[in-house]
Amino acid sequence: MNTREETLIPVVGVITDVRIDTPDVKTFRVVTPDGKKAFEHKPGQCAMLSIPGVGEAMFSITSSPTNTEFMEFSIKKCGCVTDWLHQAEVGQQLTIRGPYGRPFPVDTEFKGKDLLFIAGGIGLAPLRSVINYCRHYRDEYGKIDIVYGSRSMDDLVDYKEIVEEWTKDKNVDVHLTIDREQEGWDGHVGFVPNYVKELGFDTNKTAIICGPPIMIKFTLQAMVELGFNKEQVYTTMELRMKCGVGKCGRCNIGSKYVCKDGPVFRCDELDELPDEY
Amino acid sequence: MRKCSLSVLPALFAEIAKSNTLYIPASDNAGGAKFTKWEEGIQYLDTLNTVKSPKDFFFPHTEDLMEFKVTGKNIELFDIREESEDFVVFGVRACDVKSFDILDRVFLSDPVDSYYASRREHGVIISLACTRPAETCFCTTFGIDPATPAGDISAWKTEDALYLQANTQKGEALLSSVEALTEECDSTDVEAQQEKTRKIMQKLPLANLTTDSFGGGKTLELFDSPKWDELSEACLGCGTCTFVCPTCQCYDIKDFNTGNGVIRYRCWDSCMFSEFTKMAHGNSRLTQLERFRQRFMHKLVYYPENNDGLFSCVGCGRCLSKCPISMNIVKVMKALGGEKK
């Protein structure tokens, strides 16, 4: 029996680096105890991390699959497992299982397209995986625009990477915004949905949105106003999960399970589901 | 088909129990029946159905999944899975046998749940045809014939004899192991009984219930029905319906600190509970209406949508007799148009 694969049984991982991104977001680097990646994944997929005795929770894998050395998770402190992780130090072991879910169609629908990434707050975490994947295979995609907003400049996740790497890429435009005026910030101020409308993108782009549910709803509305079809817009969802494989019964929206049919959905697919997310 | 006199039943149980753990319906000492491990002296209880469904033979109420040892920053993981022992369950009704098919589609679909699969492989089901269906029975609504139960072996009990018919290899093997206690026979008596049972079914109060208004593709039509408000109004969210239901399979995974390590276990959960979907940053089903609707939409629309039209209800009637506010799937179906005029 013990040779039979069991998806609920994780492997042990170890935290090899902790980066403080914002006052409530840290990025954890995870490998197996022998220094390897726990498993391969595709952009947009998730993994279950757990601390035995504390709990297990689903997180998007923020590092790109093209990173051959480790996986990264950008995690906001907001519950039992995340509180515990935030006090963890380098060398702390945890458990990891995955990958779970339907990834972004980076090798099909996204190929050759101009891509517009729109993220709010910690919503950048799942998109970072796609952005860096597309930057790695730069010639496979058209122009890349990234709109990213946060409460304040201190809450922008991956700020260093954005400024030092993304803004320097050719044919990549980064548009940052924060909710309210702040000393030392000379960039745009305002909410993401409004900023998207101000920027007024070409409607031939494929858009990928992730952020708090309210931000996704208003941004999608702004996109439709700009003339985008919902078939051109992708998002990634999050609901409570226990198993990760569509069996424990709680992350469904209508007949779709976010853990296996999602987390990535095309926005026209969401129209066929009941409004329960 | 083989048969034996009812007086041989104790000897038959004893023979089966020689090489398998055998469970039969017996008194729960509280006015009901429960599947009980057979041993000398345990009396078979001739009952229509057990209070709890037999789902926990395959999907136990709680089960340990794995164990951890935590030392400082280090974690050791132990796979504590064991191969299930061989067991036989006697007296499973047609509705409950069908519920195993419904659970199989969840637990045996890719990726296979090995905890469930092991028990499923090692369990042999001897079903038992119904002769006195109750007023709460509506299995025929879901295409189940209570007079022809499936299972590894189908059984029929008449006034004086037990008839047995093997349907699978596992069933054949078990039946041949008790060959000495049974004799070959024709199916005349069984057919007469089947005819009688089917006639009773047609006269039962729920015989007019239909699934015509339900099934895959009905989500948007039914989700916003104004009926949910009234239907769910008195729901206490106690979860009794999900616990007695043979097809409810939602589960939780939790950790238990033993003081000497951590056991990660699985236990039944219920979509009727307010914390079922509660996350650190919110809850996708905040009201009891939403949770109530989820349960019935899942059985009548979502599950069939994902499983070739198969409904996730077998009409066993347990929720009808156990709900403290007398709300149940029959009332929901009728309110949403599921009754033949």
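Trainee: How many residues of domain 1 of chain B are in contact with domain 2 of chain B?

Mentor: This is a predicted model, where local features need pLDDT of at least 70, side-chain atom pairs count only at pLDDT 80 or more, and totals for chains, interfaces and linings use all residues. Residues are numbered from 1 along each chain as its sequence is written, and chains are lettered from A and ligands numbered from 1 in the order in which they are written. Contact means that two C-beta atoms, placed from the backbone, lie within 7 Å. Domain 2 of chain B puts in 15 residues, and domain 1 of chain B puts in 17.

Trainee: Which classes make up the side of domain 1 of chain B that touches domain 2 of chain B?

Mentor: Ala, Val, Leu, Ile, Met, Phe, Trp, Tyr, Cys and Pro count as nonpolar; Asp, Glu, Lys and Arg as charged; the others, Gly among them, as polar. That side has 3 charged, 4 polar and 10 nonpolar residues.

Trainee: Where do the bounds of the two domains of chain B fall?

Mentor: The bounds come from an automatic or database domain assignment. Domain 2 of chain B is 219-335, and domain 1 is 2-50 + 83-203.

Trainee: What is the radius of gyration of chain B?

Mentor: It is taken over C-alpha atoms, and the globule rule is 2.2 Å times the number of residues to the power 0.38. For 341 residues, a compact globule would come near 20 Å; chain B agrees with that, at 22 Å.

Trainee: Which strand gives the most to the side of chain B that touches chain A?

Mentor: Strands are DSSP runs of E, at least two residues; helices are H or I, at least four; both are numbered from the N terminus. In this interface, 43 residues of chain B are in contact with 33 of chain A. With 5 residues, the top contributor on the chain B side is strand β11 (residues 251-257).
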